[in-house]
Amino acid sequence: MKFVIEGLTVYFPYEFIYREQYAYMVELKHALDARGHCLLEMPTGTGKTITLLSLITSYQLANPSLAKLIYCTRTVHEMEKVLDELRRLHLYQEKEIGSSRAKILALGLSSRKNLCIHPVVSGETSRESVDAGCRKLTASWVRAAAETNLDIETCSFYQGYEKQGSEQPLPPGVYTLHDLRVYGRQRGWCPYFLARQMIQFANVVVYNYQYLLDPKVSGIISKEMQKECIVVFDEAHNIDNVCIEALSVNLRQNNLDGASRNIHKLNQIISRFKETDANRLRQEYNRLVEGLAQQGNLHGSDNWLANPVLPEDILREAVPGNIRRAEHFVAFLQRAVQYLRERLDTDTVVKEGPVSFTTTMSTAAGLDQKALKFCYDRLHSLLLTLEVTEIDEFLHVQTVCNFLTLVGTYTRGFSIIIEPYDERMPHIPDPVLQLSCLDASLAIKPVFDRFQSVVITSGTLSPIDLYPRLLNFNPVIIHSFTMTLTRDCLCPMILARGSDQLPVSSKFDMRSDPGVVRNYGRLLLEMVATVPDGVVCFFVSYSYMDGIINSWNEMGILQEVMQHKLVFIETQDYVETTLALENFRQACDCGRGAVFFSVARGKVAEGIDFDRHYGRLVIMFGVPFQYTLSKILNARLEYLRDTFQIKEGDFLTFDAVASSLRSVLRLFVYLYQRQAAQCVGRVIRSKADYGMMIFADKRYNLPNKRNKLPQWIQSQLREEHLNLSTDMAVHIAREFLRRMAQPSDPQVSKSTLLSQEDLEKMAAMPNF
Amino acid sequence: MEKRSGQGGPAFQEDEEMEEEDKAPDMEAWERAYADDRSWESLIEDESGLLKAGDDVQQQRQHRRRLIQASGPRIQRGIIRYLCLILDFSRAAGEIDFRPSRMAVVAKAVEDFVREYFDQNPLSQLGIIVMKNGIASVVTELSGSPEAHIRALKSNLESFGEASLQNGLELAHTYVQHIPSYGHREVVIVFSALSTCDPGNILETVKKCKAARMKCSVVGLTAEIYICKHISQETGGSYAVAMNEGHLKEILLEHVPPPAAMPDASSASLVRMGFPQRGSEGAVAICACHKELRIGGGYICPRCRARVCELPTECSLCGLALVSSAHLARSYHHLFPIPTFDELLVDASLRGKSSFAGSCFGCRIQLSGGGSLRLRCPRCKRDFCFDCDVYIHESLHNCPGCETLQEEAVT
């Protein structure tokens, strides 16, 4: 359908549009008009992606001066989904306005691991080894050597790209990663380098957050993006963590050992070079005197990682004299590693600011701050000079240099924490030296400064006013949309009491109470006997989950649960969990029914959606507070309080509620999406997904927790669903499931959708 | 284990707030559920002092909506049906959220269903399978006598163990395999459990059923279950979940009218049938179905002269389908249904124009007073009240208005 929003013609590939999608477009357009940043919250699965894409591409059509849309996603899977939607949109636009006007070039960019088509290299398992494998075949000196010596292997795809691909642009269209690989195979061009080159010409680029936020990567990939770009961060609820991770480094014993080995090897190579090709080293020295830490115009295949420091903080000066000579630099590194090793060998927890750390470093080991700043670039230059291709072997020394450069550059917003062992397992020595970034606004600041409009959007950004403070920016539009449901297909409940009317909670003083454990067990038991197919349970931590499952086993609750449903448990092992998930799905498919036990912040099952019958019910046992004794968390809380005036309690509660929600909401990803796809035809099939969520902890009943829930969930959280006990929850669940099993009335669902005529009518009304 | 002792701040605050919250006087949860509802306010007292729940007309519309949905265009229907009823008497059937228990409610609904089924489908047969304790067992073979089914079912009421849909379907599959090709193979599963414990892969069994052109429908008692939906979708059946006892009966009875013929089964073929004579009162013969000496009654197969007790059936000697002409006639109306009547919204301009302005053509009740819908037959343009509409469509299967028109045309 085609409609007009305040003078802008918007092309939308479906016949109907939801009210909130329309409202979202209006707000988004205002932000684009104002050339400012915006923060938008819209319920999960309401078709955010297509709404964003269709408005922004229409906006691009109307304003050719806009450069491109940069769409950032978290995972490759999401990236492909975005591109699929875009393709559908593109086909529709072509149909509407002809292929000559609707010409767009859209492509996804990912690491070599996902794009490589070289028969041997693409078989490598880790990202680093694929990168290194590629480098072995494509580095400029390797190819130069191959011209004279035919025995040296190169990559035919890269050669093909180099010969023709770099001049001939990709024909317009929408390219997913898969399409790029297919196209690359057809033409014999390397898809990775093709994609990297083409992003300069593309109208829409879809890639990972890291490509903009992590200075190591963005320095290479996103350097040449124009100011007139629109940047979208989708599913951006943990964007602050991504920012922080981009600037944080952890050093452990094995990193330092590895670094020592690397340094030893570097020494060997340097001495070999001195005998054979001393000239090269001298040339490098001269270059460094001139202040060109990074070689001027590097060849595309030669640069693999840029400086970890944010662009404006990089010094454009000559490298200091004491590390200009290769052997001096290696000796410098050796001293640094030695010093770090000494620091790591401690019995107590140490917390320091970067300033005091560098001061003690320079007095104790004679490593001055100025030199530290250049470590990363100096190493980079050295590796290039020495023509090292096995970059994956030198990861450890890179990590150390990364650390040194960051420590040398920043004096605020960071802290250095040395812990001799993990708090949770004090008897196992596992020393770690953490340089942790405390300020999420640091990494994202260049993005805000550089681009015209930045859109941050997700299903759960509540409380929405916290984000501008965390990220330190001034959005022109902040809006949280509710959703119009065709029926109450969402049933959140807050369970505060067990079947014996005693309160349940995962609070520290209550969690090991057998009464609470039994009440939680009874709740699960009652629910598996009431809810069909899949049930997912989230616990606050692995240790808590292990404990409670043990007690349930002893009490015989687990055996009773097994009579109704099979039990699957997430472990910290990736393969094991994948297998468990697969079997869980199978058990749901064949009607046996299954329960999946997972951890709210668990990394393993993260990103897996429990949609449709795989997650008819999600139970959140307890409030997943972050581990509050963690030194890093405390440092961050302190910093937030001092710098942004955000109270610790506020942040912790926000974080806990948000993470429990995110776990729980994984079941609703497809609430609307499937429906939207069905709107293509004339008939609307309104059989949407449905599900229940139980927050089982008395603390959720507190207003300060409840208020942190997004508006669209609060509106579903009815008064009688608060402060429940187990038997009441069972009753509500039974009624809800029966109600949802009834076929829904197509007339009702039609009223939440707007057709083209409806929109025209609305436009005619002046005061909508 | 996590500790939060030293970290006083947030945890401490919470306790205080918690206490405040507890002190606040609040309604009980069940009270709150009804507080917004105010269902008692819609009760109306009529002139004789009886309480009526809400709006009559609205309920009548509700009832009609179902009728309208059921009636499609005139389609080919399979009126010779072989229906296999699979009942779930597993542990879950013993639950008491339906009173006195799910099993008792199901048994009662099935009893009604069986009677109604044979009443409307006299040419069809039915068999009952019960799932309990992980296995499926035959209660009655495919046959035509409603009383026998009901008797067998009543003697079989106990519930324990798990339910296995796969076993049930496999058994139904063997059952249905050797029925003639013109017969419609149907399975209706009444399922109270939430899971099925199968010995093998049920998805294979579903494929097998689909290949055997078995139409499997499921009536659920608790919630929507994925596998049930899958079974019904794959085999072209329907799936519904009962809200309460009344609704259960209603959706079960939806399986009574013959279903639309499956497209691939629609090759027209002649079916050989016999119309047996009733045996004379005093005649003594060995009954072919019970294998024993019987005196009087019974029917005599026109081809092989064997004596059978009940109609409709299949002659156990020569395999001829035996029916009576009355049965055929009763099945006939499904093929030529009378059209659904249109609701007329009462407005002033219409009054006076129509010849039967104020009254129902069927029972002469005044229609202008409200309390009933005004419904008009699209063919004869006569108006009827709601009760007559129900009677005409559900029992009579003839429109009195159209019949008088024909009479007038003849005279």
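The largest cavity has a volume of about 120 Å³. A cavity here is a set of points on a 1 Å grid over the protein atoms alone where a 1.4 Å probe fits but cannot get out. Points are joined across faces, edges and corners, and the volume is the space filled by probe spheres set on them. The model is predicted: local features need pLDDT of at least 70, side-chain atom pairs count only at pLDDT 80 or more, and totals for chains, interfaces and linings use all residues. Residues are numbered from 1 along each chain as written, chains are lettered from A in the order written, and side-chain values use heavy atoms, without hydrogens and water.

**Cavities**

**Domains of chain A**
- Chain A splits into domain 1 (246–440) and domain 2 (490–649 + 677–749), with bounds from an automatic or database assignment.
- Their contact (heavy atoms within 4.5 Å) takes 14 residues from domain 1 and 9 residues from domain 2.
- About 1100 Å² is buried between these domains, 60% of it from carbon and sulfur atoms; buried area is the accessible area (1.4 Å probe) lost on being put together, summed over both parts.

**Salt bridge**
- The rule finds 1 salt bridge across this domain interface.
- A:Lys351 and A:Glu638 form a salt bridge through their side chains at 3.4 Å, N to O; the cut-off is a Lys or Arg side-chain nitrogen within 4 Å of an Asp or Glu carboxyl oxygen.

Notes: On a 1 Å grid over the protein atoms alone, a cavity is a set of points where a 1.4 Å probe fits but cannot get out, and a pocket is an open set with protein on both sides within 12 Å along at least five of seven lines; lining residues have an atom within 4 Å of a point. Buried area is the accessible area (1.4 Å probe) that two parts lose on being put together, summed over both.
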